[in-house]
Amino acid sequence: MEKTCTEVWKNCLQIIKDNIPTQSFKTWFEPISALKLEGKVLTIQVPSLFFYEWLEEHYVGLLRKTVKKQLGDEGRLEYNIVVDKSSNTGSPYTTNMPSNGNGAEAKVQSMPIPVSINKDIKNPFIIPGLKKLNVDPQLNSNYTFENYIEGDCNRLARSAGYAVAAKPGGTSFNPLMIYGGVGLGKTHLAQAIGNEIKRNMPDKLVIYVSCEKFCQQFVDSLKNNTINDFVNFYQAMDVIIMDDVHNFAGKEKTQDIFFHIFNHLHQSGKQVILSSDKAPKDLAGLEERLLSRFKWGLSADLQIPDFETRIAILKKKMYADGIELPSEVVEYVAHNIDNNVRELEGAMVSLLAQSTLNKKDIDLALAKQMLKNFIKNTSKEISMEYIQKLVCEYFEVPVDMVKSQTRKREIVQARQISMYLSKSHTKSSLKTIGAFFGGRDHSTVIYACQTVEDLIDTDKKFKGYVHDIQKKLKMS
């Protein structure tokens with residue numbers, strides 16, 4: 001009894017299913033149906049030319065072996081491809097293409113247009129004149145390496161980004177994943193890479209796109225039946241910069257299409273740059289196969305900038321805007337806005353705007369008044385606990401040691417300065433201060449304050465210590 005085309009294809013699918021990932025099987029083989037079996041030739045129908053191209057490029061070897069196992073050495077596969085669903089009759093017309101049968105890379109074959117169809121068929125694998133077009137890279141020209149301040153918080157990511165910009169697709173940093181919290185400069189660094197590439201290699205096709213925008217474009221392409229154009233456009237790029245990939249979470253179909261675009265680019269030696277608010281291992285809602293590819297290259301994190309880096313960022317902003325501010329104002333902003341570069345620059349812009357509108361020079365008092373919306377602790381009362389914490393951080397000594405009975409020099413110094421500043425900056429009595437710092441009496445506090453005052457008068461280095469800490473308190 002001869003097998004039907006459905007039975008042969010069903011047997012083929014059983015073999016194929018055991019040899020590829022489940023998601024790939026669902027994506028590329030479940031939509032296929034068997035049409036006919038004539039002798040040793042099995043004809044299957046695929047939903048688009050894109051499907052045909054993908055199968056021939058990635059699964060032709062597996063398909064050839066599977067068909068030959070079912071039909072013998074003379075077994076052959078042909079495709080019936082749904083080319084267009086918008087003909088006058090409303091029904092699709094198809095064209096047949098044989099498998100190349102040799103496992104080589106597939107070539108797009110010409111397809112004669114049926115006489116009854118009077119319009120041209122757009123080949124989704126060719127964008128006419130794309131290489132000649134000036135594709136807008138969607139980059140902000142202000143986001144450059146020159147405007148990106150380097151510090152310990154971003155040195156690895158910046159160095160990797162510079163290496164990628166010098167040789168896109170030619171380093172081991174492919175993909176380059178930049179991750180970190182909100183406002184730490186991920187978008188700036190990612191676009192700086194793109195701008196550097198365009199500056200040195202203007203013929204390179206670079207595109208920056210946010211994950212949200214990519215997802216919306218994909219949905220629109222499905223609605224408009226232009227998925228082939230969508231995929232083809234991104235596969236034609238030399239460099240893709242995808243921002244906020246954590247927003248792929250839960251969008252399975254969009255993940256699937258980006259997975260295939262990613263594979264095409266990576267295999268073609270093109271560069272992929274990604275940004276995320278989390279490290280790849282911490283991303284939730286993304287398929288494992290996509291996450292594994294995100295880990296292929298280098299994952300570099302951006303950390304919260306230290307005080308010196310924040311000062312440098314503000315000075316760079318001031319220089320770019322051609323203005324000057326008192327150093328104490330700059331230090332006040334840098335000291336109090338310590339976890340977000342975006343807020344840091346926003347505070348500076350607000351300060352400059354208010355100064356211009358009010359036509360007043362900005363001093364520390366005015367800065368404190370203007371930046372209440374940015375700085376949470378502007379009006380807080382200074383406490384002995386805060387002073388103790390600040391002094392211990394400055395001298396890098398444990399807080400609990402200051403209240404202990406130890407007589408180590410560095411601990412005694414931190415304790416005495418803490419008592420001195422508590423007397424100067426709080427309304428606490430000598431007895432209360434002594435009790436707070438390890439149950440000591442008021443005479444110990446008096447002795448500590450006198451010792452500090454004497455050292456300020458005789459020891460320049462010690463005077464510098466106290467001055468630095470007082471400046472930090474003043475900024476609080």
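Which residues are exposed on the other side of H20? They are Lys 460 and Lys 461. The model is predicted.

**Helix H20**
- Helix H20 takes in residues 460–474, and its 15 residues should span 21 Å at 1.5 Å a residue; the end C-alpha atoms are 21 Å apart, which agrees.
- Phe 462, Val 466, Ile 469 and Leu 473 are the buried residues of H20.
- These residues lie on the same side of H20, because they cover an arc of only 65° around the axis.
- Helices H15 (384–395), H17 (409–425) and H19 (442–458) are among the elements that cover the buried residues of H20.
- The N-terminal end of H20 is capped by Asp 459, which has a side-chain oxygen 3.0 Å from the backbone nitrogen of Lys 461.

**Gly 183**
- Gly 183 sits in the loop between strand S5 (176–180) and helix H6 (186–200).
- Its relative accessibility is 6%, so Gly 183 counts as buried, the cut-off being under 20%.
- Beyond residues up to four places away in sequence, Gly 183 touches Asn 340, Val 341 and Arg 342.

**Lys 186**
- Lys 186 belongs to helix H6.
- With 9% relative accessibility, Lys 186 counts as buried.
- The side chain of Lys 186 reaches the backbone oxygen of Gly 181 at 2.9 Å.
- Leaving out residues up to four places away in sequence, the contacts of Lys 186 include Ser 275, Ser 276, Asp 277 and Leu 302.

Technical notes:
Residues are numbered from 1 along each chain as its sequence is written. This is a predicted model: local features need pLDDT of at least 70, side-chain atom pairs count only at pLDDT 80 or more; totals for chains, interfaces and linings use all residues. Side-chain values use heavy atoms; hydrogens and water are left out. Helices (H or I, at least four residues) and strands (E, at least two) are DSSP runs, numbered from the N terminus. The expected span of a helix is 1.5 Å times one less than its number of residues. Buried means under 20% relative accessible area, exposed over 50%, partly exposed in between (1.4 Å probe, protein chains only). The arc is that of the directions from the helix axis to the C-beta atoms. Contact means heavy atoms within 4.5 Å. A polar contact is a pair of N or O atoms within 3.5 Å; within protein, one must be able to donate a hydrogen and the other to accept it, and residues adjacent in sequence count only if both atoms are side-chain atoms.
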